[in-house]
Amino acid sequence: LLGFFRGWGATVLRDAPNAGLYLVFYRALKCPLETPFPPVLGNLLAAGTAGLLSTLLTQPIDLAKTRIQLAPTRYHSVLPTLRLI
C-alpha cells in the first residue's frame, strides 16, 4: 500500500511550481505573440513556449521523483537524490 505513494512528495514539488511557472510564462507571452500573429497561432506559440520553459525549469525535480519511484531502496528523498545525481 505504501508503494502507491512513493515519490508523492517529489511529485508535488514538481507539479506545483510547474503549473505556476506555466501560467506566468503563458500570461507574459500571450499578448506579445497575439499582436504579430493570428490569435490562434499566438495562443499556440505562447502555450508551447510556456510548457517548454516550465518543464525545463522543473526537470531536475522530475528526475529525482522518477529515481525515487524506480529505486526506493537507493533514493529516499528529494534532496539526497539531487545530491547523488
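How are H1 and H2 oriented to each other, roughly parallel or roughly antiparallel? Before I answer, a word on provenance. This is a predicted model, in which local features need pLDDT of at least 70 and side-chain atom pairs count only at pLDDT 80 or more, while totals for chains, interfaces and linings use all residues. Residues are numbered from 1 along each chain as its sequence is written, and side-chain values use heavy atoms, with hydrogens and water left out.

Now to the helices. Helices here are DSSP runs of H or I with at least four residues, strands are runs of E with at least two, and both are numbered from the N terminus. The axes of H1 and H2 come within 7 Å and cross at roughly 160°. Those axes are lines fitted to C-alpha atoms, for helices over the stretch in contact, and the angles run from 0 to 180 degrees between N-to-C directions. H1 and H2 are therefore roughly antiparallel to each other. As to the classes, angles under 35 degrees count as roughly parallel, over 145 as roughly antiparallel, 65 to 115 as roughly perpendicular and the rest as oblique. The crossing of H1 and H2 is right-handed, a term that applies if the near helix is turned clockwise from the far one by less than a right angle, with anticlockwise being left-handed.

Let me turn to H1 itself. Its 27 residues should span 39 Å at 1.5 Å a residue, and the end C-alpha atoms are 38 Å apart, which agrees. The expected span is 1.5 Å times one less than the number of residues. Within H1, the residues Ala10, Thr11, Arg14, Asn18 and Leu33 are buried. Buried means under 20% relative accessible area, exposed means over 50%, and partly exposed lies in between, with a 1.4 Å probe and protein chains only. The buried residues of H1 pack against helix H2 (39–70) and helix H3 (78–84).

Thr58 gives a view from the H2 side, since that residue lies in helix H2 and, at 5% relative accessibility, counts as buried. Leaving aside residues up to four places away in sequence, Thr58 touches Arg14, Pro17, Asn18 and Leu21; contact means heavy atoms within 4.5 Å. Leu53 also lies in helix H2, but at 32% relative accessibility it counts as partly exposed.

Which aromatic rings pair in this model? A search of the whole structure finds one aromatic pair. Tyr22 and Tyr26 form this pair, which is stacked, at 6.0 Å centre to centre and 5° between the planes. Rings of Phe, Tyr and Trp (its six-membered ring) pair if their centres lie within 6.5 Å; planes under 30 degrees apart count as stacked, over 60 as edge-to-face and the rest as tilted. Both tyrosines lie in helix H1 (residues 8–34), four residues apart, about one turn of the helix. Tyr22 is partly exposed, with a relative accessible area of 28%.

Phe37 lies in the loop between H1 and H2 and is partly exposed at 33% relative accessibility. Setting aside residues up to four places away in sequence, Phe37 touches Gly42 and Leu45. Arg74, in the loop between H2 and H3, is exposed with a relative accessible area of 54%. Leu2, in the segment before H1, is exposed at 70%.
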